[in-house]
Amino acid sequence: MTPSPSSPEPPVGLYLHVPFCRFLCTYCAFAKEEYESSRADAWLLGIAREIEYRAQHTWSERPQLDTVFLGGGTPTALTLAQWEKLGELLHQGFHIPPDSEFTSEANPESFNAE
């Protein structure tokens with residue numbers, strides 16, 4: 001059923017591919033590259049530009065997310081500062097209620113309490 005123009009859009013899920021890995025595995029067929037801080041910063045800038053473009057040209061209001069999934073690559077290859085920046089970008093571009101599901105792929109060697 002399509003929502004009427006006056007009704008809000010239903011929440012949606014977001015998959016975001018983080019294409020960086022600390023080490024490249026031979027068994028993985030996903031789009032990926034070895035982590036380099038400046039490349040990850042450039043990727044984050046691209047995410048910011050994409051969100052800004054869609055906010056200006058596609059969305060009438062910020063979409064509401066009920067699920068956020070970060071896959072890859074290895075999202076935990078990002079630094080803490082890059083994770084924080086990604087979180088800021090997602091919250092600027094989307095309405096993410098506190099009870100939304102947030103999941104990320106991780107490798108044990110790059111996962112810590114931070």
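Helices here are DSSP runs of H or I with at least four residues, numbered from the N terminus. By that definition, Arg54 and Glu50 both belong to helix H1, where four residues, about one turn of the helix, separate them. The model described below is predicted. The briefing covers a sheet of three strands, the packing of helices H1 and H2, the residue Gly93 in helix H2, and two salt bridges.

**The sheet**

- Three strands, in the order S1-S4-S5, make up an open sheet with parallel pairing.
- Strand S4 (residues 65-72) is joined to S5 by four bridges, and the two run parallel.
- Phe69 has Thr103, in S5, as its bridge partner.

**Helix packing**

- Helix H2 (residues 80-93) lies across S1, S4 and S5 and runs at about 145° to S4.
- The axes of H1 (residues 37-57) and H2 come within 10 Å of each other and cross at roughly 5°.
- Angles under 35 degrees count as roughly parallel, and H1 and H2 are therefore described as roughly parallel to each other.
- On the H1 side, the contact is made by Ser37, Ala40, Asp41, Trp43, Leu44, Ile47, Ala48 and Ile51; H2 contributes Gln82, Lys85, Leu86, Leu89 and Gly93.
- Eight of the residues in this contact between H1 and H2 are nonpolar, three are polar and two are charged.

**Gly93**

- Gly93 is located in helix H2.
- Its relative accessibility is 3%, and because buried means under 20%, Gly93 counts as buried.
- Apart from neighbours within four places in sequence, Gly93 is in contact with Ile51, Trp59, Arg62 and Pro63.
- Gly73 lies 20 residues from Gly93 along the chain, and the C-alpha atoms of the two are separated by 23 Å.

**Salt bridges**

- Side chains of opposite charge can pair when their charged atoms come close.
- The count in this model comes to two salt bridges.
- One of them links Glu33 with Arg39, with the closest N and O atoms 2.8 Å apart.
- Glu33 is partly exposed, at a relative accessible area of 24%, and Arg39 is partly exposed as well, at 43%.
- A salt bridge also brings together the side chains of Arg54 and Glu50, at 2.6 Å from N to O.
- Arg54 counts as partly exposed at 35% relative accessibility, as does Glu50 at 39%.

Methods:
Residues are numbered from 1 along each chain as its sequence is written. This is a predicted model: local features need pLDDT of at least 70, side-chain atom pairs count only at pLDDT 80 or more; totals for chains, interfaces and linings use all residues. Side-chain values use heavy atoms; hydrogens and water are left out. Two strands pair if DSSP finds at least two bridges between them. Contact means heavy atoms within 4.5 Å. Axes are lines fitted to C-alpha atoms, for helices over the stretch in contact, and angles run from 0 to 180 degrees between N-to-C directions. Buried means under 20% relative accessible area, exposed over 50%, partly exposed in between (1.4 Å probe, protein chains only). Angles under 35 degrees count as roughly parallel, over 145 as roughly antiparallel, 65 to 115 as roughly perpendicular and the rest as oblique. Ala, Val, Leu, Ile, Met, Phe, Trp, Tyr, Cys and Pro count as nonpolar, Asp, Glu, Lys and Arg as charged, and the others, Gly among them, as polar. A salt bridge is a side-chain nitrogen of Lys or Arg within 4 Å of a carboxyl oxygen of Asp or Glu.
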